[in-house]
Amino acid sequence: MSDTRSEPSKVQVIGAPPRRQAPPPGPCAMVIFGASGDLTRRLLVPALYNLARTGLIPDHFAIIGVDITERSAEDWRNSLHEMLQSFVGNPSSENRIDAIDDAAWQRLTGGVSYMQGDFGDSGLFEKLKQHLADVARDRQTGGNCLFYLAVADRFFGPLVEQLGRAGLLDEELQDGKPQRWRRVVIEKPFGHSMDSAHELNTRIRRDLHEEQIYRIDHFLGKETVQNIMAFRFANGLFEPIWNRDRIDHVQITVAETVGVEHRGRFYEVTGAMRDMVPNHVFQLLAMVAMEPPVGFDARSVRDRKADVIAAMGTLKQEDAVRGQYGPGTELQTAVPGYRAEPNVAADSHTETFVAMRLSIDNWRWAGVPFYLRTGKRMSRRYSEIAIRFKHAPYAPFEDTHVEELPPNWLVVRIQPDEGISLQFEVKRPGPVVDLAAVHMDFRYRDWFPREPNVGYETLIYDCMIGDQTLFQRADMVEETWRVVQPVLDAWAVKPPADLQNYPAGTDGPEAADRLLQRDGRAWRPV
Ligand code: BG6
């Protein structure tokens, strides 16, 4: 395949300047449970800062951190500032910033406060209630409040119950619409099985309406993922061929180079399937496979996504492969195998890689396999959705059978080098008809200025303006677990003999290759 693309000589943005500017959200307070945690420091506060920089936090705003650690608000604020400082000029960070904009930082943290407490102590929630009333008065937040549960999943249910008991989730309605809103953001993992997801839904819905619940999947905060809908439904070109008539199969790859890092304890009971598949990978699949929604409102979009998840056939054991990385070389450095990572059992059966073949049983996709794979310690950090089109029906070229022609691929690069490319055949210049595969390539960075972004900006903004389009609905979450549950159950009782089956720095076990070879297909290189 030819890959002699030249760098675009000059970046030029064509077309009209943006037609729509996001308005700042209305007044509100944001309570972050897990204020001292990693998620808050690394992602939430930097995302809030990026919103503040671009004028997208409310004029009347307050942040209240809650955690078990005893510390002052000033100390907390300083630690957040330090974290932000680490992004300054850091070339390895996607959130690289040139300097901290002090005015934006002041706007964001002018109303910071911190409360120490145990999430199991109802006294904490009574104090929080009083504090929120003070904040509403002093910062004029209108009593609106976003509760962000940046905590381990075992706290999700109990925290919602405590908030409910203290009356902190009560909204004031006028004509059926909240005049004073209360919303709760819940991180993943949302349950660890079909039953536990159902139980958690039942539990939190005793205190919350579905409209108050924002189940976050940070993959939906990625521009490239949101763009799939724009790409499919704002262009007349692709939809007519986006079906079983023209598409041979779809491959989705989410490859990471990192191992389990410091998360061994969490990962041991989670594994690659639970960590990545029913959430991130299925969200990618749903974006690609959903029917066109009638509008871009939360209900229309989520209805269509729910339809496609409901049409997914239950995963069969023979269509699923698991693997675990052994010692190897990652980016030219020797790295240990999974079983030698901190807080991992020496005989662990937790999978760090999964590959699978799934079907979507509806008119659009009947007979089109969807192959998915994700893993840690693979050769490259790279995620893509690749759509393989069917061959031309006949090739009128000498000595060339139609099956020998390289196929057309449409590839959505989720990260890094975000963009979309289309591979097709052209005639190589010269006196004889000789064919070559080339790419037509769209790269975000060639067309749009790159803004510092940690991926949570849009999602937090959407919570503040009350737009649930990019959040998971109760039925969707439960359906995703339905698809993978039988395989999780089977794997739990049948540990494989040869689980440690791919060296770190490679692209998964041979069994994953055989999964496609069985169908006469092959994975794209990572
Ligand atoms: C998280 C998983 O949800 O997503 C991690 O728990 C994984 O294990 C991460 O590394 C990947 O996200 P991103 O945005 O870095 O691709």
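Predicted model: local features only at pLDDT ≥ 70, side-chain atom pairs only at ≥ 80, totals over all residues.
Which residues are around the ligand? I listed Lys188, His218, Phe219, Lys222, Glu256, Arg263, Asp275, Met276, His280, Lys376 and Gln415 around the ligand.

Lysine 188 has a polar side-chain atom 2.7 Å from an oxygen atom of the ligand. For histidine 280 I also wrote down 2.7 Å, again from a polar side-chain atom to a ligand oxygen atom. With aspartate 275, the distance from a polar side-chain atom to an oxygen atom of the ligand is 2.6 Å.

Helix 9 against helix 13. I noted the crossing as right-handed. On the helix 9 side, the contact uses Met273, Arg274, Val277, Pro278, Phe282 and Gln283. Helix 13 brings Met476, Thr480, Trp481, Val483, Val484, Val487, Leu488 and Trp491. Sorting the residues of this contact by class gave me 11 nonpolar, two polar and one charged.

Helix 9 against helix 10. Here I got axes 9 Å apart and an angle of about 105° with helix 10 (residues 298-310). That makes helix 9 and helix 10 roughly perpendicular to each other, because the band for that label runs from 65 to 115 degrees. Gln283, Ala286, Met287 and Ala289 of helix 9 touch Lys305, Val308 and Ile309 of helix 10. I counted five nonpolar residues in this contact, plus one polar and one charged.

Helix 5 against helix 6. Which way do these two run, roughly parallel or roughly perpendicular? The axes of helix 5 (residues 156-165) and helix 6 (residues 194-204) are 9 Å apart, at an angle of about 10°. So I put them down as roughly parallel to each other. Phe156, Gly157, Pro158, Val160 and Glu161 from helix 5 meet Leu200, Arg203 and Ile204 from helix 6. My tally for this contact reads five nonpolar, one polar and two charged.

Terms used
Residues numbered from 1 in each chain as written. Heavy atoms only, no water. Left-handed = near helix turned anticlockwise from the far one by under 90°. Helix = DSSP H or I, 4+ residues; strand = E, 2+ residues; numbered from the N terminus. Contact = heavy atoms within 4.5 Å. Nonpolar A, V, L, I, M, F, W, Y, C, P; charged D, E, K, R; others polar. Near = heavy atom within 4 Å. Polar contact = N/O pair within 3.5 Å; in protein donor to acceptor, adjacent residues only side chain to side chain. Axes fitted to C-alpha atoms, helices over the stretch in contact; angles between N-to-C directions. Parallel < 35°, antiparallel > 145°, perpendicular 65-115°, else oblique.
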